[in-house]
Amino acid sequence: METSQYIDYILEQTKKVLSIDSPSSYTKEVCDYVLEAYRSMGYNAMQTVKGGILVDLGGKDSDNAIVLEAHVDTLGAMVAEIMDNGRLRLERIGGLNPNNAEAENCHVITRSGKRYEGTFQLKNASIHVNGEYNDTKRTYDSMELVLDEDVKTKEDVLALGILTGDIVAFEPRTRITESGYIKSRFLDDKLSVGILLGFAKYLREEQITPARKIYHYITVFEEVGHGGCASIPSCAKEILSVDMGCVGDGLTCTERQVSICAKDSRGPYHYEVVSALIETAKRLHLDFSVDIYPHYSSDVDTALIAGYDIRHGLVGAGVYASHGYERSHIDGVKNTFLLLVGYLC
């Protein structure tokens, strides 16, 4: 199967959604974009009450429907305190670790829509001045957002319209290298959103009617633990989370593979689903791995905890340096896309 046009589309859409800030709870703009992307392909896409996107892709057997989930919300932060010196103390949204967010450019988004740029720094960040620089533990109490505005007091910051509770979005710094590596913050899980859009485009342009009904569900609160706990169609018998595949010590996956998760921190995935995914990958001669993710949970886990009676699985392109400056590869994207096609078409 010739896939280049769909892989190109996936990368194009991934770069676009990565460019739209969307820390958990601040997802309207990116969801408006993704909703229109589905509708422009002719799909019946609707928004849930929480703000996610549910799309009916069609299919013959509606009694054995499957939901493919990906989340478009990301890590980020929130203004927790405006300090007397005009600096901002932050509180994390999701698992943004201050160790790998140090010296990152970011901006504060006010309730009125104004944006102010700044940098997330260690307090007293000049190494030529601070003799404790190397020994200071990086935490949200030892670090601060330094605004690129002429502010010296709390009153100066308030005059800009910045308030406690304002969203802080970090720059993704997206780039694709000539060797095919995809580097960016928030590939978890915007790379998978791009893959699902590419899959939807494939079904439409190739005029394929799947054997069973397929839904796409783009969730918006995954990073804080309740993205996929509601709005699952009643006819769904299976949910497949399309999220990142973990890369690291003790695991076999690389960025160039599609990862099939056998178990995460909440427990094993459905044995028959995992087995069927493995058999599909073998049949298609895909580059894949099977791994256990030690510090991980997914939207499918939250659906089970919410009480949905479904089979569940998890796949994704391999992603290194998760929750940091992440890296994947075009080959991992291609293997994930082909696994979905082979499994469902």
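Biologist: Is Phe337 buried or exposed?

Modeller: Please note that this model is predicted. Phe337 has 0% relative accessibility and therefore counts as buried. Tyr6 is likewise at 0% relative accessibility, so Tyr6 counts as buried. Tyr202 is buried as well.

Biologist: By what is a pair of aromatic rings described?

Modeller: A pair of aromatic rings is described by the distance of the centres and the angle of the planes. The structure holds 7 aromatic pairs. In one of them, the ring centres of Tyr6 and Tyr202 are 5.4 Å apart and the planes stand at 85°, so this pair is edge-to-face.

Biologist: How are the rings of Tyr6 and Phe337 arranged?

Modeller: Tyr6 and Phe337 form a stacked pair, 6.0 Å centre to centre with 25° between the planes. This pair also joins distant parts of the chain, since Tyr6 lies in helix H1 and Phe337 in helix H8 (residues 330-344), 331 residues apart. Tyr6, Tyr202 and Phe337 form one aromatic cluster.

Biologist: Which charged residues sit over the rings of Tyr133 and Tyr325?

Modeller: Over the ring of Tyr133 sits the charged end of Arg138, 4.7 Å from the ring centre. Over the face of Tyr325 lies Arg173, at 4.1 Å from the centre of that ring.

Technical notes: Residues are numbered from 1 along each chain as its sequence is written. This is a predicted model: local features need pLDDT of at least 70, side-chain atom pairs count only at pLDDT 80 or more; totals for chains, interfaces and linings use all residues. Side-chain values use heavy atoms; hydrogens and water are left out. Rings of Phe, Tyr and Trp (its six-membered ring) pair if their centres lie within 6.5 Å; planes under 30 degrees apart count as stacked, over 60 as edge-to-face and the rest as tilted. Buried means under 20% relative accessible area, exposed over 50%, partly exposed in between (1.4 Å probe, protein chains only). Helices (H or I, at least four residues) and strands (E, at least two) are DSSP runs, numbered from the N terminus. A charge sits over a ring if NZ of Lys or CZ of Arg is within 6 Å of the ring centre and within 35 degrees of the ring normal.
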